Amino acid sequence: MTINYLVQIAVKSDKKTIKQFYKRQHYSASFMGFDTVYFIKHNDAVIAAVIISQIKKCNSQYFLHALVVDKQYRNCGLATQLLKYHHIHAQQITCFAATQLKELYLNANYYLASSKQLNETNFLRYQQYQKSKPNLQVFIKQL
């Protein structure tokens, strides 16, 4: 079942609430700098969020991470809404995801990529993530 909620762009005063959301979901997320956070609320509570990071000021290959939907709201299309909604000026958005999320990213116009297609900043991050999650796949969206 798809439910359409308003996607919001976080401002500085939203960060504490968003960090609390990730903590309630038992998800370790941090802001990397040059971040844009998109989130969805229901009854004044954050129920889904994603962070898109430039990481470095001149990085044209942005990094999508911390895409999390509250367990009570999964399978309602919220992750897809967040993946399709962005107001950033980048050439590409990259992300690393588990195999079981492949369909989600492909349906949001990402394509399965090789780590060789990552720029140096994102490749180094990919190597770090692979240490604890060796089966991550690379997805890229051309903008």
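Reader: Which residue just after α1 takes a positive phi?

Author: Bear in mind that this is a predicted model. Step just past the end of α1 and you'll find a backbone phi of about 60°. The residue that takes it is His26.

Reader: Which residues of α1 are buried, and why do they line one face of the helix?

Author: An α-helix has 3.6 residues a turn, so residues three or four places apart point the same way. Helix α1 covers residues 15–24. Looking down the axis of α1, the buried residues fall within an arc of 95°, so they line one face. Those buried residues are Ile18, Phe21 and Tyr22.

Reader: And which residues are exposed on the other side of α1, and what do the buried ones pack against?

Author: The other side of α1 has Lys16 and Lys23, which are exposed. The buried residues of α1 pack against strands: β2, β3 and β4.

Reader: Is Asp44 buried or exposed?

Author: Asp44 sits in the loop between β2 (35–42) and β3 (45–53). Exposed means a relative accessible area over 50%. Asp44 comes in at 72%, so it counts as exposed.

Reader: How far apart are the C-alpha atoms of Asp44 and Val68?

Author: Along the chain, Asp44 and Val68 are 24 residues apart. Val68 is one of the residues that lie nearest the centre of the largest pocket. The separation of the two C-alpha atoms is 17 Å.

Reader: Which element gives the most to the lining of the largest pocket?

Author: That pocket holds about 960 Å³ of space and is lined by 32 residues. By class, the lining has 22 nonpolar, eight polar and two charged residues. Among the elements that each supply at least two are α2 (78–84), β5 (92–97) and α4 (120–132). The top contributor, with seven residues, is β4.

Reader: Which residues touch the most other members of the largest nonpolar core?

Author: The largest nonpolar core has 27 residues. Elements supplying at least two residues each to this core are β2, β3, β4, α2 and β5. A second, separate core of 11 residues includes Ile18, Phe21, Val37 and Ile51.

Reader: Last one: which residues is Tyr110 in contact with, leaving aside its neighbours within four places in sequence?

Author: With its sequence neighbours set aside, the contacts of Tyr110 are Leu64, Leu83, Ile93, Cys95, Tyr105, Phe139, Ile140 and Lys141.

Terms used
Residues numbered from 1 in each chain as written. Predicted model: local features only at pLDDT ≥ 70, side-chain atom pairs only at ≥ 80, totals over all residues. Heavy atoms only, no water. 1 Å grid on protein atoms, 1.4 Å probe; cavity = no way out; pocket = protein on both sides within 12 Å on 5 of 7 lines; lining within 4 Å. Points joined across faces, edges and corners; volume = space filled by probe spheres on them. Helix = DSSP H or I, 4+ residues; strand = E, 2+ residues; numbered from the N terminus. Nonpolar A, V, L, I, M, F, W, Y, C, P; charged D, E, K, R; others polar. Buried < 20%, exposed > 50% of the residue type's maximum accessible area, 1.4 Å probe, protein only. Arc of directions from axis to C-beta. Contact = heavy atoms within 4.5 Å. Core = buried A, V, L, I, M, F, W, Y, C linked by side-chain atoms within 4.5 Å.
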